[in-house]
Amino acid sequence: MKEKIIEIMAEVFEMPVNEFPTEITQGNIENWDSLKHLNLIVELEDAFDKSFEPEEISEMTSMDKIIEMIEK
């Protein structure tokens, strides 16, 4: 699952997969702004056939939180 999430993030944030930091957070991805965040959520919802609540979306600012929300 983590690899799939990284692939999606690489596409949304327009970064090579091998350039992602080991701890992926909103703070260490330079172009992770509000618009890219929404794009990321849409792509994750499509890829994992999920629908996230607004409270969940606002918490999804790191790889750990994203995985946690997908596994719910």
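What percentage of the 72 residues of the chain count as buried? In this predicted model, the share of buried residues is 39%.

**Overall fold**

The chain holds 4 helices and 0 strands, and its elements follow the order α-α-α-α from the N terminus. The radius of gyration is 11 Å, close to the 11 Å that the globule rule gives for 72 residues, so the chain is as compact as a globular protein of that length. Among contacts between residues at least 6 apart in sequence, 47% join residues at least 24 apart.

**Surface and charge**

The accessible surface of the chain is about 4600 Å². Carbon and sulfur atoms account for 47% of that surface. The chain carries 19 negative and 6 positive side chains, and 4 Å separates the centres of the two sets.

**Helix 4**

Helix 4 covers residues 63-71, and its buried residues are Met63, Ile66, Ile67, Met69 and Ile70. These residues lie on the same side of helix 4, because they cover an arc of only 165° around the axis. Asp64 and Glu71, on the other side of helix 4, are exposed.

Met9 is a residue of helix 1. Its relative accessibility is 0%, so Met9 counts as buried; the cut-off for buried is under 20%. Leaving out residues up to four places away in sequence, Met9 touches Glu14, Phe20, Ile24, Trp32, Leu40, Met63 and Ile66. Two of these contacts, Met63 and Ile66, are among the buried residues of helix 4.

Pro16 sits in the loop between helix 1 and helix 2. With 38% relative accessibility, Pro16 counts as partly exposed.

The table gives a C-alpha distance for each of these two residues.

| Pair | Separation in sequence | C-alpha to C-alpha distance |
|---|---|---|
| Met9 and Leu40 | 31 residues | 6.6 Å |
| Pro16 and Ile6 | 10 residues | 9.8 Å |

Definitions and conventions: Residues numbered from 1 in each chain as written. Predicted model: local features only at pLDDT ≥ 70, side-chain atom pairs only at ≥ 80, totals over all residues. Heavy atoms only, no water. Helix = DSSP H or I, 4+ residues; strand = E, 2+ residues; numbered from the N terminus. Rg over C-alpha atoms; globule rule 2.2 N^0.38 Å. Buried < 20%, exposed > 50% of the residue type's maximum accessible area, 1.4 Å probe, protein only. Contact = heavy atoms within 4.5 Å. Areas by Shrake-Rupley, 256 points an atom, 1.4 Å probe, with all protein chains shown as cover. Lys, Arg positive; Asp, Glu negative; His and termini not counted. Charge placed at Lys NZ, Arg CZ, Asp CG, Glu CD. Arc of directions from axis to C-beta.
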